Amino acid sequence: MIPATERAAGAINPARRSFLAFGILAAAGSALAACTTSTTAEDASAAEETPNDTDIGFFKDMALHHEQALAMCQRVIGRDNGDSVQALAADILQNQSFERGVMHTWLTVWGESTAPPETVMAWMGMEMPAADMTGLATDEQMTSLSTTTGMAQGRLFLNLMRAHHVGGVHMAAYANEHAAVSTVRATAERMDVIQTYEIGIIDQLLSTTYL
């Protein structure tokens, strides 16, 4: 994942330039910069730590959660639904693709399956079918996101992604408190900060451009 400080510095494509022009990236820059990826030394140390149910459950469930976020982004990127939605979707696609790879890598290191779980959130004491996981859009909502066009599609994407992020932040905050492996806690904290920041962007877009 490209560090937030570099993203704010200027090596950006035209769609992201529109996103930065929205005017709120600088306010969150210091928070995002604090959430850097772990170093090789930190990863080596984490490899010696024994994961608990939260470490394993969080990475399995959040990897599945990210799958739907990536699918949402893929449905709107390249469509005529507004530059701000294009830039936000591109940013989420980049961040969550990277995070999903990190989570699958650690699950493999621990000898755990990377297949999508059928039940989720038992590690939070909230066991439920995967389809009911906090923040997930329904099949009908995902179909609607594919078929809606224009600014209406942009608005639907923002509303669905906001709910998705609220669910993700809920899980990440819990994992940051209860995970045993330092890398898992750092990853959860980073997700919490970034997704909370993006919820703020979404709220401003929904109150202005995407009324």
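**Contacts and a helix pair in a predicted model**

Among contacts (heavy atoms within 4.5 Å) in the protein chain between residues at least 6 apart in sequence, 78% join residues at least 24 apart. This is a predicted model, where local features need pLDDT of at least 70, side-chain atom pairs count only at pLDDT 80 or more, and totals for chains, interfaces and linings use all residues. Residues are numbered from 1 along each chain as its sequence is written, and side-chain values use heavy atoms, leaving out hydrogens and water.

Q: Is alanine 137 buried or exposed?
A: Buried means under 20% relative accessible area, exposed over 50%, partly exposed in between (1.4 Å probe, protein chains only). Alanine 137 has a relative accessible area of 9%, so this residue is buried.

Q: How far apart in space are alanine 137 and histidine 164, C-alpha to C-alpha?
A: In sequence, alanine 137 and histidine 164 are 27 residues apart. In space, their C-alpha to C-alpha distance is 7.3 Å.

Q: Are H7 and H8 roughly parallel or roughly antiparallel?
A: Helices are DSSP runs of H or I, at least four residues, numbered from the N terminus. The axes (lines fitted to C-alpha atoms over the stretch in contact, with angles from 0 to 180 degrees between N-to-C directions) of H7 (residues 139–147) and H8 (residues 150–178) come within 9 Å and cross at roughly 150 degrees. Angles under 35 degrees count as roughly parallel, over 145 as roughly antiparallel, 65 to 115 as roughly perpendicular and the rest as oblique. Therefore H7 is, relative to H8, roughly antiparallel.

Q: Which residues in H8 does H7 meet?
A: H7 contributes Gln141, Ser144, Leu145 and Ser146. Their partners in H8 are Gln153, Leu156, Phe157 and Leu160.

Key. Helices (H or I, at least four residues) and strands (E, at least two) are DSSP runs, numbered from the N terminus.
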